[in-house]
Amino acid sequence: MPRTVVLIPTRLKSTRLPNKPLAIINDKPLIQHVYEHAIAVHPAEDVFIASGDTEILEAAKAFGAKGILTDASLPSGTDRIAAALREIDPTGTKYDIVVNFQGDGINVDPKLNLELVDLIQPTGADMVTVGMKITNPEDIRNPNYVKIAMGLCDNQTYGRALYFSRSPVPFNRDSVPAYDFAYWHIGIYVYRAEALKKFVSLPVGILENIEKLEQLRALENGMSIYAKIVPSIKLIEDAPADINTPEELAEAQKYMR
């Protein structure tokens, strides 16, 4: 069995919702809800909160979580989990697989982590992620919905990601756009530990800089990404999957009562 660590990157500075990891929902801070979801499916000794903010790590200690202090100036959550991995496994001999479980994903089903861990081994992928079928015609044209270009046969639920784009992909010459083959990328990732280290060591890619999608850096450098298409990522279908705005926070508070 692969040795797996779950790293939860989080930070206080958020443009749309400052201090959101410590926002109280049903008498607990947001980050505690996320941590408790993670330890429901992973051993607690292999789950860590990674943050550059001591306030978050003090809160984590209060509810019994292990925290790793990282450089507050790191540019992304991926860089943050890579830094945390170096702290907890400096020799690279303890963990084979790294789960990046987002610190604002209060309503994300943690069992998806297990599905992705199961997928990374037989595919030989460097990293695996999640997608959902696009059903709303407007969403395929919305640049906030990142699309995955991948060719799946009927009843196939996973495959190699060939490209990610904010533009509609793929283009279907006979019926535009091709909704039957349009998949929305959900930013949940599982990495091979060595692939994560390689990824953060690479310079920002040309396509990554154009689309502002860091996963393109991996594809530009020959790394393989597989995506699993799922019907839902949520625990509670009507509640927001993650929290980015005051409105989503209020909605989550309503459903978490």
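Reader: What makes helix 3 oblique to helix 5, rather than roughly perpendicular or roughly antiparallel?

Author: In this predicted model, helix 3 (residues 77-88) and helix 5 (residues 193-201) pack at an angle of about 125°, with their axes 10 Å apart; helices here are DSSP runs (H or I, at least four residues), numbered from the N terminus, and axes are lines fitted to C-alpha atoms over the stretch in contact, with angles from 0 to 180 degrees between N-to-C directions. Angles under 35 degrees count as roughly parallel, over 145 as roughly antiparallel, 65 to 115 as roughly perpendicular and the rest as oblique, so the angle of about 125° makes helix 3 oblique to helix 5.

Reader: Which residues of helix 3 and helix 5 meet, and how do they divide by class?

Author: With contact meaning heavy atoms within 4.5 Å, Thr78, Asp79, Ile81, Ala82, Leu85 and Arg86 in helix 3 meet Ala193, Leu196, Lys197, Phe199 and Val200 in helix 5. By class, the contact has 7 nonpolar, 1 polar and 3 charged residues, where Ala, Val, Leu, Ile, Met, Phe, Trp, Tyr, Cys and Pro count as nonpolar, Asp, Glu, Lys and Arg as charged, and the others, Gly among them, as polar.

Reader: Why is arginine 217 called buried?

Author: Buried means under 20% relative accessible area, exposed over 50%, and partly exposed in between (1.4 Å probe, protein chains only); arginine 217, placed in helix 7 (residues 215-220), has 8% relative accessibility and therefore counts as buried. Leaving out residues up to four places away in sequence, arginine 217 touches Phe199, Val200, Leu202, Pro203, Val204, Gly205 and Glu208.

Reader: How do you know that asparagine 113 is buried or exposed?

Author: Asparagine 113, which is found in helix 4 (residues 111-123), has 0% relative accessibility and so counts as buried. Beyond its neighbours within four places in sequence, asparagine 113 is in contact with His42, Val99, Phe101, Ile188 and Val190.

Reader: What makes asparagine 244 buried, and where does it lie?

Author: Asparagine 244 lies in the loop between strand 12 (225-229) and helix 8 (246-255), and its relative accessible area of 17% is why it is called buried. Asparagine 244 and arginine 16 are 228 residues apart in sequence, yet 6.4 Å apart in space, C-alpha to C-alpha.

Reader: On what basis are these values given, and how are residues numbered?

Author: Residues are numbered from 1 along each chain as its sequence is written, and side-chain values use heavy atoms, with hydrogens and water left out. As this is a predicted model, local features need pLDDT of at least 70 and side-chain atom pairs count only at pLDDT 80 or more, whereas totals for chains, interfaces and linings use all residues.

Methods. Helices (H or I, at least four residues) and strands (E, at least two) are DSSP runs, numbered from the N terminus.
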